[in-house]
Amino acid sequence: MNAPPKNVVALIAPVVGRLRVDPLGGEVQQDDRGARLSLADEAALEVACTLAENWGTSVCALSAGGEHALRALELAAGVGVERLVHVDVDERSSATHIAHSLASWIAQLQPCVQLQPGVQLQNCVIVAGAHGADFGSGAVPAFVAHHLNASQALGLVALSATATDELLAVRRVDHGARERLSLSLPAVVSVEGGVARLRRPAFANALAQRTRAIERVVPAASGGHAAMGTARAPRPRPHVVAPPEGGDALHRIRALTGVDQVQSVARSVSLAPDEAADAILDRLGEWGYGPRVATETL
Amino acid sequence: MTKRAPIEYQAVSFQTRMETVEFRVGERAHITVDGDACNGCTTQACVTACPANLFVPRSDGGIVFNYEQCFECGTCYMLCNTEGAITWTYPDGGNGVVFRQA
């Protein structure tokens, strides 16, 4: 039985060109010449193209924003992405608003031209970069997954597909460890910049990238956003402490407090000044802070 | 996949830890220690066990106790093996330890 066709969507962030700041007025100008996708977005595009080739489907590149999003889609066209969709939304909007606009379009995704009609959303993989060119929060893929009720795995260092059409992902966790994940479709993943290197555009595609047709979508007025809790200061992880030994509470608390071990405790004494000085010098000598100096030599 | 060793707990000095704890001192001493009953004690476990270092041994074998910075943990009462030496109650309402301001 043939596997059901799949959709592969590459979410790419708008490009950021060279910034020039007017030293007198402070006005910021952006020069798009030489602008490029972030390394994470390039890796996402390459991963999406590779998955699409393995599954015999094609990639749809999706970007939200203003003119800089169009430039990002032109760069995607250069590597052979055939379907380019631009969601017209203010780039300065919150991550939840941008994600809602993207998810609204993905939810009504029409099958790509080369696929058979009737492709269901549940066979969809959305690949995004872990960071955009402006190193934002990286939260848009998470909100997109929430709106689509899809599996999500963010910040991946490796991604591959199995024979059973599941995704195998490797993700960083704390202390240099790695975590293996198995994802079922639909899934939203974000990849780091080092995952893959974007293929070189074919010469014909590079020449034609500026003339490729880009679908423009104006999202409807946003409805409900993902509920956000209040931010809290990060709390350190709890330390794992082994339980004390002992059969009952009294033995356990004796073990915890160390009362059965030899302890050096402070003692309160009442002495005359000369006797107190002798006592202090004697104790310092016991602790190894130099020899006891005989009072006759002072 | 190799595992890393767990992070060593960074010990905090006693003074630093006590600076983060607030105490509302009541008028009534909620714990009283009969110093004379402690004269015959050979272990003086309360001195070692008290996390707030409130028990100070005297040179004549008795114990001096100050209730103001008590954590109300009950360890002294559990460990004391001299009947009647420690009278343990909770502070009056609204008083006592207010834990770490962090």
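Predicted model: local features only at pLDDT ≥ 70, side-chain atom pairs only at ≥ 80, totals over all residues.
1. Conventions. Residues are numbered from 1 along each chain as its sequence is written, while chains are lettered from A and ligands numbered from 1 in the order in which they are written. Local features need pLDDT of at least 70 and side-chain atom pairs count only at pLDDT 80 or more, whereas totals for chains, interfaces and linings use all residues; side-chain values use heavy atoms, with hydrogens and water left out.

2. Secondary structure. Chain A has seven helices and eleven strands, and chain B has three helices and six strands. Here helices (H or I, at least four residues) and strands (E, at least two) are DSSP runs, numbered from the N terminus. Read from the N terminus, the order of elements in chain B is α-β-β-α-β-β-α-β-β.

3. Burial and surface. Of the 298 residues in chain A, 36% are buried, and 36% of the 102 residues of chain B count as buried. Buried means under 20% relative accessible area, exposed over 50%, and partly exposed in between, with a 1.4 Å probe and protein chains only. The accessible surface of chain A is about 18100 Å², with 53% belonging to carbon and sulfur atoms. Chain B exposes about 6700 Å², and carbon and sulfur atoms supply 50% of it. These areas come from the Shrake-Rupley method with a 1.4 Å probe; for residues, only the protein chains shown count as cover.

4. Helix pair in chain A. Helix H3 (residues 95-107) and helix H4 (residues 140-148) of chain A have axes that come within 8 Å and cross at roughly 50 degrees. Axes are lines fitted to C-alpha atoms, for helices over the stretch in contact, and angles run from 0 to 180 degrees between N-to-C directions. H3(A) and H4(A) are therefore oblique to each other; angles under 35 degrees count as roughly parallel, over 145 as roughly antiparallel, 65 to 115 as roughly perpendicular and the rest as oblique. The crossing of H3(A) past H4(A) is right-handed, a term for a near helix turned clockwise from the far one by less than a right angle.

5. Residues of that helix contact. The residues of the contact of H3(A) with H4(A) comprise eleven nonpolar, three polar and no charged. Ala, Val, Leu, Ile, Met, Phe, Trp, Tyr, Cys and Pro count as nonpolar, Asp, Glu, Lys and Arg as charged, and the others, Gly among them, as polar.

6. A:Leu168 lies in strand E8 and is partly exposed, at 41% relative accessibility. Leaving out residues up to four places away in sequence, A:Leu168 touches A:Ala158, A:Leu159, A:Ser160, A:Thr162, A:Leu181 and A:Ser182. A:Leu183, in strand E9, is buried at 6% relative accessibility. With the same exclusion of residues up to four places away, the residues that A:Leu183 touches include A:Ser151, A:Ala169 and A:Val189.

7. A:Val173 occupies the loop between strand E8 (167-172) and strand E9 (178-183) of chain A and is partly exposed at 33% relative accessibility. Apart from neighbours within four places in sequence, A:Val173 is in contact with A:Arg178 and A:Glu179. A:Pro186 lies in the loop between E9 and strand E10 (187-191) of chain A. The peptide bond from A:Leu185 to A:Pro186 is cis, with omega near 0 degrees.

8. Backbone angles in chain B. Most residues other than glycine have a negative phi, and most peptide bonds are trans. B:Asn53, not a glycine, has a positive phi of about 55 degrees; B:Asn53 lies in the loop between helix H2 (45-49) and strand E3 (55-57) of chain B and is partly exposed at 46% relative accessibility. B:Glu72 has a positive phi near 60 degrees. The loop between strand E4 (63-65) and helix H3 (75-79) of chain B holds B:Glu72, which is buried with a relative accessible area of 17%.

Conventions
Contact = heavy atoms within 4.5 Å.
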